[in-house]
Amino acid sequence: MNKTIRRASVFCLLMVLALLVRATWVQGYEARALADDEHNRRSTIAQYAQPLGDIIVAGSPVTGSKETDDDDLRYRRTYGQGELYAAVTGYSSQAYGATQLEGIYSDVLDGTDDRLGSPTDLLTGKRADPGAVVTTIDPDVQKAGFEALGDDRGAAVAMDPVSGRILGMVSSPSYDPSTISGTTDGDAWRKLLDAKDKPLVNRALRQPLAPGSTFKLVVASAALENGLYDSVDTPTDSPNPYTLPGTTTVLSNESASAPCENATLRTALQYSCNNVFAKAAADLGQDKVKEMADAFGFDTEKLDVPVRASESVYPTGMDKAQTALTGIGQFEVTATPMQMAMVSAALANGGELAAPHMVSKVTDSGGTALQTYEDGDTERVVSESTAEQLRSAMVTVVEEGTGTNARVDGAEVGGKTGTAQNGVDNSNTPYAWFTSYAKDDSTGKQVAVAVIVEDSGSARSEVSGNGLAAPIAQKMMAAALGR
């Protein structure tokens, strides 16, 4: 063999070896990444080749699958009560992917989760029968919140204070996920994307806004826990009117006739006295208020329920005047309805915050649990004494103060209203808030609820937490207590 042929042979051999190494690398190490690539149509074809598993509410599926005429995408997702449960399920679309529970548990619902198949299935690559996702949602609570919100733009969350189970999660306006589950739904998809009210946004979890006076519960907690005041019935040192520290800006109260000068925390919550809580926040200082806010769940980057909630924020780096404004839930304080429900839930549960969750278990096709979410995983936020005192003050708000529309016959109900400024110099319609709890001693049932109404179409003068948000909370609480 001459030198030229020998060199060519060696070169060809090296090329073959390189090809074998590359093929082995792709098959052995990159196969999963290629299979999961969003541009790999085979994955989508395989995902919709059989009916998907279901998302379950109170023992019944709220999702389904329907056979199509498409040879590639045999089944498309259906939703029996799509608008009612969209904030819970999210969507599963052949064209636009999946969100929320549909997205988080897509491997379980399409049968590709490794926990579903037998050892033989794993070797042969056979797709297992899909599993199911069992939620904690109470259909009566969900329906009550959905119907009460109606055409208003806003959101509501209800949870069990003891277990942390989310009983209802509503975002309005909603949408029907069935309308975008196929491959020919471009018009419907664009309409949702272009909609001014952003129906695809889960406002209950993903839209933190100024919480207004509902944040006064956090400040009151900080005042009691740090010994600023001995009890909710101790007179405070709160001049009225109150001038923000270092400024000439006078902070007014909603009602000029309200007994807010040196008012107790109970009276200040009852009449929602801005002067009391602004001064309390300034006296405590931002670090102590932030410490309390964070204990309730603010500034948590990874609040998964299991859908991830946006971070609710208590700001830092403020001067004393700005700190005072945070005392009434303004300046740069933001919160989601989920977060404000957690505040009421912790106070209702004796000062302990149960981890919120809206999935109880994930199962295989036979109902065997693959994963469970424990109830009652708690962390102490405030002492039992502080929680008891603030519950008592919240009851006063509902019985004698600004939250009378939240009353539920035969139940103990406590709450706090809020009307949060919106826009520069409050140029836009304010947000109406209500956060509350209710319990029925005869049955032991409890619930905590938070509601925000961003826009109801009402005149500015008619916007209030008691007028717009409290009636929605009342209906959800009544449904949770079976009344």
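I started with Thr336 and looked up its contacts, skipping neighbours within four places in sequence: Ala204, Leu205, Gln207, Pro208, Ser310, Ser312 and Trp433. A reminder to myself: this is a predicted model.

Next I checked where Thr336 sits, and found it in the loop between α15 (320–326) and α16 (337–348). Is Thr336 buried or exposed? Its relative accessibility is 1%, so I put it down as buried, the cut-off being under 20%. I also looked at one of its contacts, Ser310. Thr336 and Ser310 lie 26 residues apart in sequence, and their C-alpha atoms are 7.4 Å apart in space.

Then I turned to a pair of helices. I found α11 (residues 216–225) packed with α13 (residues 274–284) at an angle of about 50°, the axes being 10 Å apart. The two helices are therefore oblique to each other, and I noted their crossing as left-handed. On the α11 side I listed Lys216, Val219, Ala220, Ala222 and Ala223; they meet Asn274, Phe277, Ala280, Ala281 and Leu284 of α13. Sorting the residues of this contact gave me eight nonpolar, one polar and one charged.

Last, I traced a sheet. It is open, has five strands in the order β2-β1-β7-β15-β16, and its pairing is mixed. Which strands stand at the edges? They are β2 (60–61) and β16 (369–372); each has a single partner strand, so one side of each has no neighbour in the sheet. Further in, I followed β7 (residues 132–135) and β15 (residues 359–363), which run antiparallel and are joined by four bridges. For Val134, I found Lys361 as the bridge partner in β15.

Definitions and conventions
Residues numbered from 1 in each chain as written. Predicted model: local features only at pLDDT ≥ 70, side-chain atom pairs only at ≥ 80, totals over all residues. Heavy atoms only, no water. Axes fitted to C-alpha atoms, helices over the stretch in contact; angles between N-to-C directions. Parallel < 35°, antiparallel > 145°, perpendicular 65-115°, else oblique. Left-handed = near helix turned anticlockwise from the far one by under 90°. Contact = heavy atoms within 4.5 Å. Nonpolar A, V, L, I, M, F, W, Y, C, P; charged D, E, K, R; others polar. Pairing = 2+ DSSP bridges. Buried < 20%, exposed > 50% of the residue type's maximum accessible area, 1.4 Å probe, protein only.
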